[in-house]
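Please read the points below alongside the structure.

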Amino acid sequence: MALEIRRTAAGLQIDLTGEWGIRDVEAARAQLAAIDLNAVRAVEVSTRDLTSLDLSGAWALREFLKRVRAGGAAVSFEGAPPDQLRLIDETLKEPAASAPAAAPALKPGLLEDIGEFAVHGWRNALQALGFLGRACVTFAASVTSLRRLRPSSSARQQLRGLGVDIYVVDLVTIGVLRELGVLLTSIITAGRSASSYAAELGSMQLNEEVDALTATGVDPFEVLVLPRVLGFVIALPLLTIIADLVGLTGGAVLCHWLLDMPITQYVTRVNESIAPTTFWVGIIKAPVFASMIALAGCYRGLQVRNSARELGHKVTVAVVEAIFLVILADALFAVLFMKMDI
């Protein structure tokens with residue numbers, strides 16, 4: 001651990017570097033105590049180069065900041081303050097005194113309902129944006145260090161009436177490879193994985209395991225969110241390939257059974273109907289769908305705070321949001337590929 005101190009026109013710039021743990025807390029206290037705060041009007045603290053911070057190091061930093069504020073100087077952080085300081089402040093916060101019983105509130109009207117809905121939606125949007133931003137920042141920081149990187153009956157009747165049975169193969173091949181394989185796989189895994197991620201992280205929130213990670217200087221996003229997102233981003237394309245193979249095999253069985261089409265003819269027609277981009281259009285969608293599903297599950301799981309009932313609610317919301325995002329993204333991909341003439 002180390003301190004880098006620079007005096008500026010506004011006051012002091014303090015850069016925290018290295019690991020601030022229990023083994024180095026006494027050295028940290030000594031270095032912080034040696035800082036001269038005379039005539040200092042503002043102190044800015046940077047944690048950009050701080051690799052880890054546990055509760056002991058955070059307590060030493062909090063005592064120094066308390067001394068700074070007692071001297072009349074303003075304290076600011078370059079970026080967000082460490083979560084460990086927030087955890088200490090929330091733990092030491094005095095419980096609010098019970099307020100006297102208020103008079104019965106008037107029944108809210110339409111304007112109150114609209115206002116409450118708008119405020120709730122805005123706060124939820126800000127929280128989602130903050131979650132996504134922190135996940136992206138954590139991922140960007142992790143890629144620099146491998147150590148920190150902890151994925152046909154109706155068709156038969158219609159086409160046979162027109163004498164174009166052979167085009168059933170084209171419909172099956174293009175439909176499965178471009179759309180149905182990745183879309184159905186994403187929806188099925190959204191119900192499984194988004195709910196699993198939300199339930200697991202929500203249970204950890206209720207058991208205060210996430211706060212325990214923060215207290216030991218471990219970034220919860222680095223060990224809880226990123227591994228799940230990256231793992232699912234790798235797994236879903238592989239599952240999509242399996243779904244494509246199953247879909248094409250099922251099409252071969254139905255064409256042979258219902259249309260009396262030889263398997264060799266089916267395979268030949270499949271090869272003729274596949275364009276260079278047909279397979280990759282579906283595969284490209286899979287990592288995007290996977291990231292949306294995993295982020296939705298992790299985001300709602302980390303929102304759990306109070307009770308098991310809220311856990312069940314967040315799990316349900318995570319699944320619904322994941323499926324909605326997958327369908328929305330698929331529609332946007334369709335527009336994009338149409339504009340690109342793919």
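1. Residues are numbered from 1 along each chain as its sequence is written, and side-chain values use heavy atoms, without hydrogens and water.

2. The average pLDDT (the predictor's confidence in each residue, from 0 to 100) of the chain is 83, and 87% of the residues score at least 70. Confidence is highest in helix α10, at a mean of 93, and lowest in helix α5 (residues 153–162), at 49; helices are DSSP runs of H or I, at least four residues, numbered from the N terminus. For residues 151–157 the pLDDT is below 50. Where pLDDT is low, the predicted coordinates should not be read in detail.

3. Helix α8 (residues 220–258) packs against α10 (residues 278–302) at about 145°, with the axes 8 Å apart. Axes are lines fitted to C-alpha atoms over the stretch in contact, and angles run from 0 to 180 degrees between N-to-C directions.

4. A pocket is an open set of points on a 1 Å grid, reached by a 1.4 Å probe, with protein on both sides within 12 Å along at least five of seven lines; lining residues have an atom within 4 Å of a point. Of its 14 lining residues, Ala128, Leu295, Ala296, Tyr299 and Leu325 lie nearest the centre. Helices α4 (110–142) and α11 (308–339) each supply at least two lining residues.

Terms used: This is a predicted model: local features need pLDDT of at least 70, side-chain atom pairs count only at pLDDT 80 or more; totals for chains, interfaces and linings use all residues. Contact means heavy atoms within 4.5 Å.
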